[in-house]
Amino acid sequence: MKNPGLAAVLSFLICGLGQIYNGQIGKGIALFVAAGISGLLCTVVIGFILLPAVWLYGIYDAYKTAEKINKGAGGSVAR
């Protein structure tokens with residue numbers, strides 16, 4: 001069971017880390033790289049718009065994916 005709040009906080013701290021926590025390694029690495037490129041683009045102004053957009057998407061996606069994982073695993077808890 002994944003904790004959506006923890007996934008969102010991890011993505012808040014480091015963009016893409018919440019996706020890695022949810023098991024989406026490729027998406028997490030892609031978001032991390034996209035955030036890095038956006039940070040570099042801050043020198044030409046576009047990064048000031050792109051970086052927050054990538055960062056907020058990472059937080060939202062990590063939260064929603066963890067919720068979706070929990071809904072799919074709801075009935076399969078071993079006792």
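Biologist: Which helix does A30 lie in?

Modeller: A30 lies in helix α3. A helix here is a DSSP run of H or I with at least four residues, a strand is a run of E with at least two, and both are numbered from the N terminus. Bear in mind that this is a predicted model: local features need pLDDT of at least 70, side-chain atom pairs count only at pLDDT 80 or more, and totals for chains, interfaces and linings use all residues. Residues are numbered from 1 along each chain as its sequence is written, and side-chain values use heavy atoms, with hydrogens and water left out.

Biologist: Fine. What makes A30 partly exposed?

Modeller: Its relative accessibility is 45%. Buried means under 20% relative accessible area, exposed means over 50%, and partly exposed is what falls in between (1.4 Å probe, protein chains only). So 45% puts A30 in the middle class.

Biologist: What does the secondary structure of the protein chain come to?

Modeller: Four helices and zero strands, which reads as α-α-α-α along the sequence. The C-alpha atoms fill a box of roughly 55 × 20 × 15 Å along the principal axes. Of the 79 residues, 30% are buried.

Biologist: Why is the K27 and D61 pair called a salt bridge?

Modeller: The rule asks for a side-chain nitrogen of Lys or Arg within 4 Å of a carboxyl oxygen of Asp or Glu. The closest N and O atoms of K27 and D61 are 3.3 Å apart, so the pair passes. This one links distant parts of the chain, K27 being in helix α3 (residues 25–40) and D61 in helix α4 (residues 47–72), 34 residues apart.

Biologist: Are the two partners buried or partly exposed?

Modeller: One of each. K27, at 31%, is partly exposed, whereas D61 is buried at 10%.

Biologist: How many salt bridges does the structure hold?

Modeller: Two. The other is K64 with E67, where the closest N and O atoms are 3.5 Å apart. These residues sit three apart in helix α4, so about one helical turn separates them. K64, at 37%, is partly exposed, and E67, at 25%, is partly exposed too.

Biologist: Now F12 and W55: what makes that aromatic pair tilted?

Modeller: Rings of Phe, Tyr and Trp (its six-membered ring) pair if their centres lie within 6.5 Å; planes under 30 degrees apart are stacked, over 60 edge-to-face, and the rest tilted. By this rule there is one aromatic pair. F12 and W55 are 5.1 Å centre to centre with 45 degrees between the planes, so they pair and land in the tilted class. F12 is in helix α1 (residues 4–13) and W55 in helix α4, so the pair ties together parts 43 residues apart in sequence.

Biologist: How do you know that the buried residues of α1 are on the same side?

Modeller: The buried ones are P4, A7, A8, L10 and S11. They cover an arc of only 160 degrees around the axis, so they share a side of α1. That arc is taken from the directions from the helix axis to the C-beta atoms. Their cover includes α2 (17–21) and α4.

Biologist: Last one: why is N22 called buried?

Modeller: Its relative accessible area is 7%, so N22 falls in the buried class. N22 lies in the loop between α2 and α3. Neighbours within four places aside, N22 is in contact with K2, A7, A62, T65, A66 and I69.

Definitions and conventions:
Contact = heavy atoms within 4.5 Å.
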